[in-house]
Amino acid sequence: MADPMRIRAQLQGDKATVRVLMAHEMETGQRRDSAGKVIPAWFIQEVTATLNGRPVLNAQWGPAVAKNPFLQFNVRGAKAGDKVVVSWKDNKGDTRTDEATVA
Amino acid sequence: MSHPIPALLLAAALAAGSVHAQTPAPAAAGAAKTDPLAEYRRLLEEGNPAELFEARGERLWTQKRGPRSASLERCDLGQGPGVVKGAFVTLPRWFEDAGKVMDLEARLVWCMEKLQGFDGAEIAKQPFDRGEMANVVALATWVAAMSRGMRFDLPQKHPQEKLMYEVGKRAFFFRGGTHDFSCASCHGVAGQRIRMQDLPLLTTNPGDGVGFAAWPAYRVSAGQMWGMQWRLNDCFRQQRFPYPGFASDVTVALSTYMGVNAKGAMSIAPAVKR
Amino acid sequence: MTLRTSITGLAAGSLLLAGCASLPSSSELDRIAAQSIQGSFRDQGIAKVDRIKQDLAQAACSSDKAPDEATVERIQAEARATIKWPANGWYLGDFREGERIAQSGRGMTWTDASTATSANGGNCYNCHQISKQEISHGTIGPSLYNYGRNRGITGLDGPTVQPIFEYTWMKLWNPRATNACSQMPRLGHMGVLDENQIRHLMALLLDPRSPVNQP
Amino acid sequence: MTTRREMLATGSKVAALLAAAGIVPATAHADWNKTAFDAKTMAEAARAFGGATPAESKDVTVNGPDIAENGAVVPIGGATTIPNARRLLLLVEKNPNVLAAAFDITDAVDPSFNTRVKMGQSSDVFAVAITADNKVFFAKKEIKVTLGGCGG
């Protein structure tokens with residue numbers, strides 16, 4: 001099971017700036033190991049986020065997103081204490097969901 | 001300390017090799033202001049993946065693990081059992097119970113062996129990114145983070161600590177390998193760079209958050225979290241030296257030398273690096 | 001097995017000054033340091049421990065003090081005797097190949113498969129500015145941009161050209177010949193690069209058509 | 001193939017609109033657009049999302065450093081002020097597959113996203129906005145990827 005995400009949701013006016021770090025290899029499928037064998041692709045394909053349960057973000061990613069990905073976006077209409085939940089799903093079907101409180 | 005020799009040698013080389021005036025290389029002292037990489041580095045700092053390893057290290061510290069199913073919460077990093085804050089900026093130091101000077105990673109392995117029942121020798125043999133060794137790196141990342149903003153102040157009271165400093169100084173200037181490199185080849189003169197990477201002068205305090213005060217660090221080029229043991233290991237690889245043992249005398253002595261020299265420097269570890 | 005013996009190569013005792021409050025003499029410290037350095041490394045791949053058996057210059061240039069004048073003279077004389085001059089006085093190869101070799105920092109580490117010169121680079125840009133186009137260059141060594149041009153090289157032979165060719169060849173083959181404690185690797189002498197590869201680097205620096213010598 | 005693309009595009013467009021209106025959760029339509037991620041050009045990637053021919057626009061911005069110290073991690077971002085933009089793509093022209101990331105634009109977020117991508121070499125990077133009526137607008141910026149470290 002993947003390590004938890006690190007999520008920060010910082011209130012600026014009526015918006016929350018959300019910064020997310022995800023622990024993931026983001027393997028492209030185009031690299032070879034030392035024995036010359038292709039290392040299979042393994043990367044996050046979908047990222048979603050909700051604010052107090054309401055969907056706010058939906059993204060599709062390819063293997064060109066860097067290893068241990070970083071994502072930043074601004075959620076409108078946020079206030080202190082709101083709950084931000086971020087989920088990802090990779091091409092092997094593994095998922096991870098973590099949350100943070102807007103502060 | 002007197003002026004490190006490479007400065008004199010470089011001056012001599014310039015004088016001897018100069019038929020016509022050399023085009024002056026850009027002075028790195030002024031480079032910081034116009035550094036074209038400043039924006040790149042600033043953007044990386046907005047989200048340092050070292051945080052992922054820091055969080056893992058914190059979980060590993062409290063988790064009951066190993067043959068004895070124990071946590072590391074009683075581990076003594078030099079400030080008393082279980083005291084983590086402030087420990088990083090005093091390491092390497094002498095440990096009476098072990099009868100030797102240890103750096104952070106050696107001490108963590110010691111605790112994993114004594115408290116959790118792991119085989120320290122087995123851990124020491126593993127590559128840095130595998131198995132329990134990867135856990136040591138994560139633990140070191142968290143322990144370092146707990147001293148973020150604090151200033152280095154290594155003890156130099158015990159004769160072994162002084163001895164390690166002296167051994168480290170000699171190791172720092174030791175030239176060998178197919179390319180005749182020493183640590184001082186890259187870190188013996190202020191204001192130089194390899195490619196576009198600034199090289200800290202490590203014979204003195206290079207400043208807050210520079211050199212010894214920046215590691216462990218997340219290397220974006222490799223997508224890996226490196227502790228000081230890994231950093232030194234890869235320095236020796238690039239020096240074309242043979243392989244330094246994990247927590248071998250040379251590595252602990254070099255950290256003692258750099259850490260003592262860095263007295264007063266503020267730690268920013270874990271940092272993010274190219 | 002205790003950690004004392006399991007983690008470090010040296011037993012703690014060999015570095016221990018039992019009950020001793022002051023440090024040993026400098027020469028005794030040198031001995032202890034040498035012993036602990038030798039005990040800290042092991043063979044890995046092509047990088048064997050014989051690489052840290054120092055020769056005269058490596059030992060003499062391993063402190064923050066310069067060696068004495070007699071030692072400097074001896075090192076330089078010995079180095080001059082090692083220079084292998086190019087066959088048939090043919091100094092210059094292809095500057096495009098030279099650029100490729102100058103760019104590469106590869107070779108001779110324990111992660112490299114072989115010590116064959118074909119796998120090795122010159123590491124040149126790591127320390128020197130060379131062509132103007134490459135902005136990612138080091139500053140440990142002097143800038144080599146316009147190296148030939150600054151030395152008045154406009155052709156490929158002639159009386160003014162020869163001494164500069166010889167001096168540059170010497171620098172690339174074994175820089176200790178002119179500077180006992182040079183920080184530059186002995187690319188030719190240590191078998192990092194072969195004669196042909198050094199010809200290509202020579203062309204990069206000295207061929208008037210090389211990007212290095214463009215205004 | 002065209003039919004499939006259109007179906008995909010229409011399906012996701014409708015879903016995006018529904019999601020934007022808060023009618024269905026965003027996760028409900030998150031079928032990964034393989035055609036888009038296999039695309040070799042910006043136009044192909046935009047077409048895979050139902051977009052028309054791309055046109056450069058000042059109403060789209062792409063940001064990132066002029067020079068990256070390493071191609072393994074290059075911070076880039078995109079934003080748009082086009083009112084009916086429904087999707088924002090980030091692309092690297094010289095990567096084997098150009099599309100790196102695609103973000104749905106909803107009323108709940110600013111149409112501005114930052115992430116980090118891999119770049120094999122110096123290249124133009126693009127931010128592409130696709131509107132509700134399938135118009136495609138883009139901005140581009142060159143990012144130079146330098147060699148760093150000892151190179152070995």
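1. The C-alpha centres of domain 1 of chain B and domain 2 of chain B lie 20 Å apart. The domain assignment of chain B places domain 1 at residues 50–145 and domain 2 at residues 151–273, the bounds coming from an automatic or database domain assignment. To the contact between them, domain 1 of chain B gives 23 residues and domain 2 of chain B gives 28 residues, where two residues are in contact if their C-beta atoms, placed from the backbone, lie within 7 Å.

2. This is a predicted model, in which local features need pLDDT of at least 70 and side-chain atom pairs count only at pLDDT 80 or more, while totals for chains, interfaces and linings use all residues. Residues are numbered from 1 along each chain as its sequence is written, and chains are lettered from A and ligands numbered from 1 in the order in which they are written.

3. Which elements supply the side of domain 1 of chain B that touches domain 2 of chain B? Helix H4 (50–62), strand E1 (93–95), strand E2 (100–102), helix H5 (104–116) and helix H7 (131–145) of chain B each supply at least two residues of that side; helices (H or I, at least four residues) and strands (E, at least two) are DSSP runs, numbered from the N terminus. The largest share, five residues, comes from H7(B). By class, this side of domain 1 of chain B has 16 nonpolar, two polar and five charged residues. Here Ala, Val, Leu, Ile, Met, Phe, Trp, Tyr, Cys and Pro count as nonpolar, Asp, Glu, Lys and Arg as charged, and the others, Gly among them, as polar.

4. Helix H10 (residues 228–238) of chain B has eight of its eleven residues buried, so it is largely enclosed by the rest of the structure. A residue is buried if 20 or more other C-beta atoms lie within 10 Å of its own, exposed if 12 or fewer, and partly exposed in between, with C-beta atoms placed from the backbone. Among the buried residues of H10(B) are B:Trp230, B:Leu232 and B:Phe236, and B:Arg237 also belongs to this group. The cover over the buried residues of H10(B) includes H5, H7, strand E6 (224–226), strand E7 (243–244) and helix H11 (249–261) of chain B. Just after H10(B), B:Arg240 takes a positive phi of about 65°.

5. Chains A and D both contribute to an open sheet of six strands, whose order is E1(A)-E2(A)-E5(A)-E7(D)-E4(D)-E2(D), with antiparallel pairing; two strands pair if DSSP finds at least two bridges between them. Its edge strands, each pairing on one side only, are strand E1 (6–12) of chain A and strand E2 (60–63) of chain D. On the chain A side, seven bridges join E1(A) to strand E2 (residues 15–21) of chain A, the two running antiparallel, and A:Gln12 has A:Lys15 in E2(A) as its bridge partner.

6. On the chain D side of this sheet, six of the seven residues of strand E4 (residues 74–80) are buried, so E4(D) is largely enclosed by the rest of the structure. E4(D) pairs with E2(D) in the antiparallel sense over four bridges, with D:Val60 partnered by D:Thr80 in E4(D). E4(D) also pairs with strand E7 (residues 109–117) of chain D in the antiparallel sense, over six bridges, and there D:Val74 stands opposite D:Val117.

7. How many residues of strand E5 (residues 85–92) of chain D are buried? Eight of the eight are, so E5(D) is largely enclosed by the rest of the structure. E5(D) pairs in the antiparallel sense with strand E8 (residues 123–131) of chain D over seven bridges and with strand E6 (residues 99–104) of chain D over five bridges. D:Leu90 stands opposite D:Ala127 in E8(D) and opposite D:Ala101 in E6(D). A hairpin of six residues joins E5(D) to E6(D).

8. Chain C has ten helices and one strand. Its radius of gyration is 21 Å, well over the 17 Å that the globule rule gives for 215 residues, so chain C is more spread out than a compact globule; the radius is taken over C-alpha atoms, and the rule is 2.2 Å times the number of residues to the power 0.38. Along its principal axes, the C-alpha trace of chain C spans about 70 × 40 × 35 Å, and buried residues make up 44% of the chain.
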